[in-house]
Amino acid sequence: MTISVCKAASVAVLGAALGAALTGCGGGAGTSDAGRGARLGTPAASAPASGPASGPASAAASAAGSAPQAGAPAKPPTLAPGPNGLTPVFERAKQHTDKTVALTFDADMTSDQGPRAAGGERFDNPPLISALRTLQVPSTVFMTGRWAEEYPDQAKSIGTDPNFEVANHSYSHHAFTSPCYGLPALDGAAARADVDRAFAAFRTAGAVNTVPYFRFPGGCYDDQALRALSTAKVTAVQWDVVSGDAFATDPDAVAEQVLAGVKPGSVVVMHCTRSAAPVTEEAVRKIVPELRKRGYRFVKVSELIGK
């Protein structure tokens, strides 16, 4: 669960509860001028379809010995590297006249939450995925590797459905810079390995519709984090609309917050974790028809980046 480079409004929405929770969407750490410059990257039309061998869709298909299934982009668009080769950061489409919006869902699970899952806590949300299919909403799911290991059948189902694309939310959901809402922090080498481990977990689960996008746990990053991921050939994806679904109990309030914030080209952050975001499905069922009534078209992040 995550946030963009410290937008004050977003931080106010999430509040203290998120600061205390390992799986909370936090307000990311600020970046230096170079880090902000990394957000100015332009689409790299000739960008490779995958990063290292541990990476996205075509590599996953190659490892499986078959071509990607329908819906897996052959060459998912990425942004060009930022200054000094820093990992680029995407928050909202540059094209602000096209009424498109991307709903994104963080499938969060930390590396040490196995006992809680074994005790019955649900970090998945099948009704939400079912609702997105029924409503025919193309979506991007930012999945942790630990989540894919806990729910391999669901990871495969999502990752072979042309309605979805699977992006990387780290393996462990540990922080890539500190402080970050109490999350344990990884150093540069460990952070890079954590990303590779998540892609490997997706491949093991059979999720082939995997794209070279990454979302920082807690939304926290700095130049050092962007530098650590530079060899992964991923585009970091944040957002401009915080849904407020983390720990929410009122789906109407979540829906109202999203509807008030969406603009052409927006990226909305939501969650696919019943224990931490129990009203997301109900909120989505309110958000989708209203945005369609307003003339919006739902797209995956890859389509927004490609604009």
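Asp124 touches quite a few residues from elsewhere in the chain: once its neighbours within four places in sequence are set aside, its contacts are Trp147, Tyr151, Gln154, Cys272, Thr273 and Arg274. Keep in mind that this is a predicted model. As for where to look, Asp124 sits in the loop that runs between α4 (114-118) and α5 (126-134).

Is Asp124 buried or exposed? With a relative accessible area of 0%, Asp124 falls under the 20% cut-off, so it counts as buried. Two of the residues on its contact list also meet Asp124 through polar contacts between side chains. One partner is Gln154, at 2.6 Å, and the other is Arg274, at 3.0 Å.

Stepping back to the whole protein, there are 12 helices and 11 strands. The chain has 307 residues, and 58% of them count as buried. If you take the contacts with a separation of 6 or more, 82% come from residues 24 or more positions apart.

Now for the aromatic rings. How many aromatic pairs does the protein have? The count is 6. A pair of rings is described by how far apart the centres are and by the angle of the planes. Take Phe214 and Phe216: their ring planes stand at 90 degrees, over the 60 degrees needed, so this pair is edge-to-face, with centres 5.0 Å apart. Phe216 also pairs with Tyr221, and here the rings are stacked, with 25 degrees between the planes and 5.1 Å from centre to centre.

Which residues do ring pairs link into a cluster? They are Phe176, Phe214, Phe216 and Tyr221. Within that group, Phe214 and Phe216 are buried, and Tyr221 is buried as well.

Rings also turn up next to arginines.

How values were computed. Residues numbered from 1 in each chain as written. Predicted model: local features only at pLDDT ≥ 70, side-chain atom pairs only at ≥ 80, totals over all residues. Heavy atoms only, no water. Helix = DSSP H or I, 4+ residues; strand = E, 2+ residues; numbered from the N terminus. Buried < 20%, exposed > 50% of the residue type's maximum accessible area, 1.4 Å probe, protein only. Polar contact = N/O pair within 3.5 Å; in protein donor to acceptor, adjacent residues only side chain to side chain. Contact = heavy atoms within 4.5 Å. Phe/Tyr/Trp six-rings, centres within 6.5 Å; stacked < 30°, edge-to-face > 60°.
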